[in-house]
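Okay, thanks everyone. Let me put the structure up, and then I'll talk you through a few parts of it.

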Amino acid sequence: MDRRLAAITVLAPALAASASLKSATMFDKIISIHGTYLETTEPMECGSGPLGPEETSIVHEWFERVAGWPNFRVMYPMGSWSMDVEACRIPRPASACLADLDAAGVPYEPLDHAEHVFTPVRITGPVGGVTFEAWGDLVMDCEMAARLPAFAEVLAGRDVTSVGIMSAHRPAAAYSFHAIGLALDVNWMKATHWQRALWVKTDFQKTPDDYTCDVVHSTGTSRTLVGVACDLWRSRIFSTVITPNYNEGHANHFHLDLRPGDNRFFVR
Ligand SMILES: [Zn+2]
């Protein structure tokens, strides 16, 4: 298949109708940098479409932003990848995403503007019985907010009732999904029956020689923390789950991000 044609059919056939030469170049670029699954340059299969004009313009804008970013996840060894076309998420128009938040009972306030974020919201209360504690306003894209109920379910499965969000939307973050409100950094977790919070920095035991989810940890605290990380990876709630095993920059938190249109799931 012609590369450009293949690229246009990445997400859904409906994209082809409105794709310009510019966007085809963009798709080529994102595929050449990020590949689809590890090193292949075949286009991604994601969702079943068709996309409406609003979704199409969101996908184009989104790809334009991400196309030039380095593919950091392939630079570090021992990452585990899996591919799941069904779990691949396509960005939705604001109205569809916000309706999803309403239906799921996520407490939020829509925001008029947050830099680089398609559909910015502020989380205003606990989700599914779990409190997400941030230092300031907890601002994120609606698509990330829409993942909070499933995230809370995983946490509740390990008796976690509150987590510390040390970072969410960071407009100035370079090459980062934080810039567009699609990433969260978690640095502690608490359960009602635990005597203290578990801190990623001190309670997570690094296992640099092994795949993160292959290891049975010797201490209960580390077992709980890595258990949450690996539950999140297996559940396909987020595209990326990074623990202190990844690099020094993540020594004190779990980084979770959501990559619309990307059918790959990563943990390290
Ligand atoms: Zn992060």
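Predicted model: local features only at pLDDT ≥ 70, side-chain atom pairs only at ≥ 80, totals over all residues.

Residue numbers run from 1 along each chain as its sequence is written.

How confident is the predictor? pLDDT is its confidence in each residue, from 0 to 100. The chain has a mean pLDDT of 86, with 83% of its residues at 70 or more. Two stretches need a flag: pLDDT stays under 50 over residues 1-10, where the model has 21 contacts beyond four places in sequence, and also over residues 12-21, where there are 20 such contacts. By contact I mean two residues whose C-beta atoms, placed from the backbone, lie within 7 Å.

On to the overall layout. There are nine helices and 11 strands; these are DSSP runs, H or I of at least four residues for helices and E of at least two for strands, numbered from the N terminus. Of the contacts with a separation of 6 or more, 65% join residues 24 or more positions apart. Of the 268 residues, 41% are buried. Buried here means 20 or more other C-beta atoms within 10 Å of the residue's own, exposed means 12 or fewer, and partly exposed is in between, with C-beta atoms placed from the backbone.

In soluble globular proteins, nonpolar side chains tend to be buried together. The largest nonpolar core here has 65 residues, and A145, V163, A229, L232 and V241 touch the most other members. Helix 9, residues 220-235, gives the largest share, seven residues. At least three residues come from each of domain 1 (3-68) and domain 2 (94-267), with bounds from an automatic or database domain assignment. For the record, a nonpolar core is a set of buried Ala, Val, Leu, Ile, Met, Phe, Trp, Tyr and Cys residues joined through C-beta atoms within 7 Å.

Let's stay with helix 9. Its buried residues include L225, V228, A229, L232 and W233. Beyond four places in sequence, A229 contacts T212, V241, T243, F254 and V267. Just after helix 9, R236 takes a positive phi of about 60°.

Which residues of helix 4 are buried? They are E55, T56, I58, V59, F63 and V66. They cover an arc of only 160° around the axis, so they sit on the same side of helix 4; the arc is that of the directions from the helix axis to the C-beta atoms.

M78 has 14 other C-beta atoms within 10 Å, so it counts as partly exposed. D159 also has a positive phi, near 65°, and lies in the loop between helix 7 (148-157) and strand 6 (162-167). With 13 other C-beta atoms within 10 Å, D159 is partly exposed.

Last one: buried or exposed, or in between, for W199? W199 is partly exposed, because it has 16 C-beta neighbours inside 10 Å. It's in strand 8 (residues 198-199), and beyond four places in sequence W199 contacts N187 and W188. The C-alpha atoms of W199 and H253 are separated by 8.1 Å, with the two residues 54 apart along the chain.

Technical notes
pLDDT = per-residue confidence, 0-100.
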